[in-house]
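Please open the structure in your viewer and keep the selection panel at hand.

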Amino acid sequence: MAHHVIETENNYQARTTTGKITNFVDTRVGMSGIVREFGRKIFPDHWTFMFGEVAMYSLIILILSGTFLTLWFNPSMASVTYDGTYLPLKGVHMSAAYSSALDISFDVRGGLLLRQIHHWAALLFMTALTIHMLRVFFTGAFRRPRELNWVVGCCLWLLGIFAGFTGYSLPDDVLSGNGLRIVDGIMKAIPLVGTYLSMFFFGGEFPGTLLISRLYSIHIMVIPALLLLLMAIHLFMVVVHKHTQYPGPGRTEDNVVGFPVGPVYAAKAGGFFFIVFGIIAFLGATFTINAIWNYGPYDPSPVQAGTQPDWYVGFGDGALRLWPGSFPWSWKIDLFNHTFVLAVLLPFMLAGVLVLFMFTWPWIERWVTKDNRVHNILDRPRNAPFRTAAGAAGIVYYSVMMIAASSDLIATHFHVSLNDVAYVLRFLWFFGPIIAFIIVRRICLSLQRKDRELVLHGIETGNVVQLPHGEFIEVHKPLDEYHRYKLVSFESPEPLAAQPNAKGKITGAEKIRARISKWFFEDRVAPVSPAELEAAHHHGHGTEAVEAGPKPTGSLGGHSHN
Amino acid sequence: MGNHRDSTEEVSSVAVTSLEASKEKFPDPGLPPHSPRLTDVDPKQNKKAERHVTLLFVISILGALLFWFAYFGIRVEGNFYDVTNPENNHLLRLQNLFLGLGIALSMFGIGIGIVHWARALMPDHEMVEMRHPVSSEESRAEAQDIMETIIDESGIKRRPLLRNTLIGSIILAPLTFVTLFRDLGPANPSLLKHTLWDQGVRLVRDPSGTPIKAADVTIGSAYHVLPENLQSLTHETGYVEEKAKAVVLLMRINPAELNISEDRKDWNVDGILAFSKVCTHVGCPIALYEQRTHHLLCPCHQSTFDAANECEVIFGPAAHPLPQLPIAVDEEGYLVAQSDFHEPVGPAYWERAKHVNEMAGEAN
Ligand code: HEM
Ligand code: FES
């Protein structure tokens, strides 16, 4: 046996140093397969594909900077008397956690920087993740075969929120304590088990002496492990599915057009990691964030007005603010000797509806369109008006909640009454999404019409010439076939009428589906077909005439070239 | 405009109603021809790009040096926010700035350098790779066969007794671990019923701890108040937990402006009222008292309570009034509690209605 192995090794003679190293590794752990698979794997390139990368790099920076913080941070609620170099708090009783966070800020060289880097990285992580999800949503990248990866992404987003919240709570300053106090109130609102949950969480009554160390193990172990695991699954699926690509000439459902991993893509992506790190380091160097020494140690008595949670938890806090607790009646309802805390439960359920829609959207869309095909080519958002409009409605719904978390700042900044801000936001919470849906759908449809216009009549060159009989026309240049293909290679689904099931019956659910389908696709703009282009040319002008298509001056309308 | 417009409308409405003709597609023209970059055709530009990349890497090295300069070169000793030594805050800020800028430059230099290298000097020909289905039907069928064989050989289908006991044990085994979470905390909601306040407990100022003479409380003034017996607790014996429930806001309002129900007539002392400071929404301490309107405002979500009206909610997300602490004056003229609160303080919870009933019974 051994003899045989040695023989195989001798058969292959590596010529270069790289070859020798490859040979050494491959004959021991068999890496050549991986290099063959990934070395020249093709990745499509587009600036919107960058946000997922930013999120991943931020996560790496979070882990690096967080590990650094763990070397000094003391996750204990034991009471100590502060004896560090921050004079205003000298001699003050505080938790060991807060004291050590102060030490990191003042007595560890570069500690403040790393704290700020960690916090800025958290903000960038959530921001990039959110934009990445929006990109995936608006381009329809979640469609088959990528539905499960969309769900993994949604889980990453939720976990990110918990990661941020648990981290924010660790320093045990007034702000983090107040955040936890709110969590206590929210937990207690849960019917049946809420009070127990709160007592289990805090180890007794709020705040107890155990919480920081519990949050610590969640923050530095449980959540990062889950995040890394999910990220690995996420990336694994990206490799299995291969990346989606935008529509364009040469790009089909069956191929991937782009750059090979080695060297171009790896260089760009690797370089980009350092750029993201640079941005975060720059923010940490120049912008103070979470100046915990200003707030003081947690104490249940004082509170600071006008303080803000990190933006990604804002929507929960905002939802809490938006629900009127005592109008038109009290939303604390005592029934059967028990209390239903609807004032807290209802706004959370309303925020939860959004999350539910987020997780299930791929299946909702598939149910309505009955489109179960594999999609590797992305939609340009305008070419899926219903989805883009629904997404816009979701964004408005979310944003109103997030903005509501700053309602007091808005009121003081613009000198309006707090109550008025709340009334306006409550109105927008419900009607804003509807308005956004209608407007954005209109915008998409008119952008599609504009595309048709471009394909049929070419690009306005800005050259105005005068015809012999005196009329002024603008010269139009027809699109080249590559540009044109990008604008015509999409599908425009039509409403799908209710269809009988296997038993020949049209179910109630099917009728609803048909109605939604009608609502989604009734107004639609189809891509220009070759015949239409032909017709447009023939409309008295021929190809050349399109190039110099007459356009009455003074007309801004898109339809007036013929 | 008229005529022109109409004729186009026709064309686009044809499209909108999707004639057979419009289902026909444009053929894919294939990848556009590659247009070379300046660096591909001009050796001078190529050299220049190389120089730029080198420069960026040098900047990165300088950034690292800046970091070490800030780390070892800037000495900060002594206290911060010390009026006798204001320099120090400045130095700390400076050190933070240069440490951060050093790291930022060293990262930017590498990052922008490599990206520029890739964009300007590495081949920029787009390449095409074919996709393959995630899995083939044969492989799926084969996998299914294998699974069937495994299940068959295990005999799990043929031996229901084995199967059912296995399922039972697999469900129960993890539950032993779940049980371990039981001791995370006490399962005792009644803890929420009571606070440190009791008959005769003095109201003292927060944070000084001095008792309050009724005569000292002028109309329009307000105090943050704690129970005097809180001082006997330490961190280990529940100081923070009790404080979190017992915090009280005290104010004096002209009795003529008060609107008080019959059973609370004797809960105030000449218009001196005491209310729980824990917001009934989700529990923030209520910090803001507006003397003119007698409104209490919670800074967390802006619930507003009317102190002249038994602290009922007049705006915001809170759903029930702040509990009132019945107070009296002791023989030395200091304010004391008549009893504990008559209902649980703070946010509402599942058992609250029950507790309120029980507490009403205890009070009688
Ligand atoms: C997605 C992942 C993470 C997010 C979103 C996140 C977020 C945060 C935030 C917002 C803070 C408050 C920082 C401040 O004081 O201003 C924090 C603190 C902290 N984090 Fe993280 N973190 C993450 C991962 C990690 C990891 C992986 C570790 C350790 C291995 C870690 C260790 C710490 C420590 C020790 C603190 C307290 C230090 C202090 O406040 O001074 N974090 N985190
Ligand atoms: S906690 Fe007071 S309003 Fe929410």
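## First stop: the largest cavity

The largest cavity has a volume of about 140 Å³. Here a cavity is a set of points, on a 1 Å grid over the protein atoms alone, where a 1.4 Å probe fits but cannot get out; lining residues have an atom within 4 Å of a point. Grid points are joined across faces, edges and corners, and a volume is the space filled by probe spheres set on the points. Select Arg181(A), Asp184(A), Lys188(A), Leu192(B) and Lys245(B): of the 14 lining residues, these are the closest to the centre of the largest cavity. Two elements give two or more residues to this lining, namely α8 (174-189) of chain A and α8 (239-246) of chain B. Helices (H or I, at least four residues) and strands (E, at least two) are DSSP runs, numbered from the N terminus. By class, the lining of the largest cavity comprises 7 nonpolar, 1 polar and 6 charged residues. In this scheme Ala, Val, Leu, Ile, Met, Phe, Trp, Tyr, Cys and Pro are nonpolar, Asp, Glu, Lys and Arg are charged, and the others, Gly among them, are polar. The count of cavities of 30 Å³ or more comes to 8.

Before moving on, note that this is a predicted model, in which local features need pLDDT of at least 70 and side-chain atom pairs count only at pLDDT 80 or more, while totals for chains, interfaces and linings use all residues. Residues are numbered from 1 along each chain as its sequence is written, chains are lettered from A and ligands numbered from 1 in the order in which they are written, and side-chain values use heavy atoms, with hydrogens and water left out.

## Second stop: ligand 1

Which residues are the closest to ligand 1? They are Arg115(A), His118(A), His119(A), His219(A) and Asn290(A), from a shell of 26 surrounding residues; a residue belongs to the shell if one of its heavy atoms lies within 4 Å of the molecule.

Now display the polar contacts, which are pairs of N or O atoms within 3.5 Å; within protein, one must be able to donate a hydrogen and the other to accept it, and residues adjacent in sequence count only if both atoms are side-chain atoms.

- Arg115(A) has a polar side-chain atom 3.0 Å from an oxygen atom of ligand 1.
- His118(A) places a polar side-chain atom 2.8 Å from a nitrogen atom of the ligand.
- His219(A) has a side-chain N or O atom 2.7 Å from a nitrogen atom of ligand 1.

Next, colour α4 (50-70), α6 (111-138), α7 (147-169) and α10 (211-241) of chain A, each of which supplies at least two residues of the shell. The element that gives the most is α4(A), with 7 residues. The shell divides into 16 nonpolar, 9 polar and 1 charged residues.

Stay with Asn290(A), in the loop between α11 (261-286) and α12 (292-295) of chain A. Asn290(A) has a positive phi of about 50°, although it is not a glycine. Most residues other than glycine have a negative phi.

A pocket is an open set of grid points with protein on both sides within 12 Å along at least five of seven lines. The largest pocket has a volume of about 1500 Å³. Select Phe162(A), Phe165(A), Val183(A), Ile186(A) and Val313(A), which lie nearest its centre among 46 lining residues. This lining has 30 nonpolar, 12 polar and 4 charged residues.

Show the open sheet of 4 strands in the order β6-β7-β8-β9 (chain B), whose pairing is antiparallel; two strands pair if DSSP finds at least two bridges between them. β6 (288-290) and β9 (312-315) of chain B stand at the edges with a single partner strand each, so one side of each has no neighbour in the sheet. Strand β8 (residues 304-306) of chain B is joined to β9(B) by 3 bridges, and Asp306(B) stands opposite Glu312(B). The hairpin of β8(B) and β9(B) has 5 residues between the strands, and Glu310(B) in the turn has a positive phi of about 60°.

## Last stop: two cis peptide bonds

Select Phe327(A) and Pro328(A), which are joined by a cis peptide bond with omega about -5°. In chain B, the bond from Asp206(B) to Pro207(B) is also cis, with omega near 5°.
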